[in-house]
Amino acid sequence: LVIVEEQWPFGSVSSEISYFVQKDAFDYLDAPVRRICSADTNMHYAPNLVQAYLPSIAKTVNVVKEVMFIKK
């Protein structure tokens with residue numbers, strides 16, 4: 001399970017979803033639950049810092065490959 005959201009990692013919806021999945025469906029998972037969230041800091045106005053702050057397609061693809069045990 002890979003959860004992607006544009007929220008801070010602490011106290012977010014993805015943390016609740018991952019908690020309930022780990023609690024109720026742990027035996028059905030082949031890999032740990034992974035979350036892709038925004039950076040744990042304030043969002044900036046500079047375009048390069050916004051790109052670093054938000055989840056990206058490249059980060060998502062890399063995490064999905066890790067969960068599927070595919071080499072990068």
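This is a predicted model: local features need pLDDT of at least 70, side-chain atom pairs count only at pLDDT 80 or more; totals for chains, interfaces and linings use all residues.
**Exercise 1.** Work out whether Ser15 is buried or exposed, and find what Ser15 touches.

*Solution.* Start by placing the residue: Ser15 sits in helix H1, which covers residues 13-25. Next, check its relative accessible area, which is 18%. The cut-off for buried is under 20%, so Ser15 counts as buried. Last, look for its contacts: leaving aside residues up to four places away in sequence, Ser15 touches Pro9 and Arg35.

**Exercise 2.** Find which residues of H1 are buried, and where they lie around the helix axis.

*Solution.* First, pick out the buried residues of H1: they're Ser14, Ser15 and Ser18. Now look down the axis of H1: these buried residues fall within an arc of 100°, so they line one face of the helix. Then ask what the buried residues of H1 pack against: strand S1 (2-4) and strand S2 (34-36).

**Exercise 3.** Classify Ile17 by its relative accessibility, and say which nonpolar patch includes Ile17.

*Solution.* Ile17 is in helix H1 too. Its relative accessibility is 37%. Now for the patch: Ile17 teams up with Leu1 and Val13 in a nonpolar patch on the surface, and together they have about 240 Å² of accessible area.

Methods. Residues are numbered from 1 along each chain as its sequence is written. Side-chain values use heavy atoms; hydrogens and water are left out. Helices (H or I, at least four residues) and strands (E, at least two) are DSSP runs, numbered from the N terminus. Buried means under 20% relative accessible area, exposed over 50%, partly exposed in between (1.4 Å probe, protein chains only). Contact means heavy atoms within 4.5 Å. Patches are made of residues with over 30% relative accessible area and no salt bridge: like charges are joined within 9 Å, nonpolar side chains (Val, Leu, Ile, Met, Phe, Trp, Tyr) within 5 Å. Accessible areas come from the Shrake-Rupley method with a 1.4 Å probe; for residues, only the protein chains shown count as cover. A salt bridge is a side-chain nitrogen of Lys or Arg within 4 Å of a carboxyl oxygen of Asp or Glu. The arc is that of the directions from the helix axis to the C-beta atoms.
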